[in-house]
Amino acid sequence: MIPIVTPEEMAAIDAAAPEPLEVLIDRAARAVAHAAQVMLGGTYGRRVVVVAGPGNNGADGRRAAQILGRRGIRATVVEPDVDSIHGRPDLLIDAAFGTGLRRPYAFPVADPDVPTLAVDIPSGVDGLTGAVLGQPRAADRTVTFAALKPGLVLEPGRSLAGAIHVADIGLDVSRSSTDLVEGADVAGWLPVRSPAVHKWHHAVRVVGGSASMTGAPRLAARSAQRMGAGYVQVAIPGRSGVDDPIEAVGHVVPEVGWGSAAATDVDRLGAMLVGPGLGPGHDAEVTTLVGVDRPLVLDGDALQPSIVDAVAGRRAATVLTPHGGEFARIGGATAADPVAATRALAARTGAVVVHKGPTTVVADPDGPALVIANGDPSLATAREAAMCSPVRSPRCSPRVSIPCALRPLPHGSTPRRGGA
């Protein structure tokens, strides 16, 4: 996992560093200079313009310009308030402002075809929320230091950052309570099944669907099977069975007042999923299932304020899976700090909250949070085919997949701290 720290946390980490500020700036500048040289493909005859501001971010850029100059690259430093970049340099380095910027900023006008390297974060992107402040210039690559910042993994900052490299400059980020999940992490979490396992050891009941939305519980059932559930039941109010997937077993519940029927024979279930495709108006029935002492996932129209309030007293594990609109309904606004808002809802309900979106935040009631930034836009569809044949980019696109973009720079790049 790759640590993520807020701008405020990063400032405290900087202040606690045992090395002088000048040493940290030099390390950061060398990482920037190395990334610039890789992007340039060499040094001879190359011209770089560094837009350097007044703070540590600007100091990193100025020092990087000195290092590049000693390597034979013609590096020019300009102030962040210039109107435009004259001529056509081989590379722009954006060191105007870092993650602490809280006011609008417009990057100088420059040839749109000139590659851009951002220092820590593209200037004009909020380091906490990823929101745009003014008119930032989209970077082809960003070098950030010690840890990721929320603004680099939350949209639209994530798309503006390009390929991201986390450079180790000797800062201690081991106490971070938020981390970006990588594929290897997930592979390590998957349980190993005993040879003696049988279908009832991992049984799941999916409760949801309606006359016009039977696809949602079917997709959920299929996903449960793919994840290893040995026995999947599907309960769709008013339907006697399930046609697809054919391996799922129907659990009959009436069309109205189905809560009690959906709560029967649960002793052998490992978990229940309630809500996909259910439609509104079933609060009483869902509340009945909240009272069942089995692990429970609430999704879709099961995520209503009164139902979520009832979750707080549950003894069994509970997972809430809201997308942005559902989160606003049950947890309030998220714009100020999406990660903190997700943590707050988890703490209030005692449930694990999976706040779905372009970047998904998973928060534990005790405080730790995980950020998931993989997948692709084909997941944002109601088409059943998306579960089976997602559209993938023909190449690794750094503005789509953060884990893909976080591959280390070639040719002896600075190693990333703690496996980052």
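Strands here are DSSP runs (E) of at least two residues, and helices are runs (H or I) of at least four, numbered from the N terminus. Two strands pair if DSSP finds at least two bridges between them.

I noted the ground rules. This is a predicted model, where local features need pLDDT of at least 70, side-chain atom pairs need 80 or more, and totals for chains, interfaces and linings use all residues. Residues are numbered from 1 along each chain, and side-chain values use heavy atoms, without hydrogens and water.

E2 (residues 47–52) and E4 (residues 91–95) run parallel over 5 bridges. Val50 has Ile93 in E4 as its bridge partner.

Then I looked for aromatic pairs (ring centres within 6.5 Å; planes under 30 degrees apart are stacked, over 60 edge-to-face, the rest tilted; for Trp the six-membered ring counts). I found 2. Phe97 and Tyr105 have ring centres 4.9 Å apart and planes at 70°, so this pair is edge-to-face. Trp200 and Tyr231 have centres 4.2 Å apart and planes at 25°, so they are stacked. Trp200 sits in the loop between helix H6 (183–189) and strand E11 (203–207), and Tyr231 in strand E12 (residues 231–235), so the pair ties together parts 31 residues apart in sequence.
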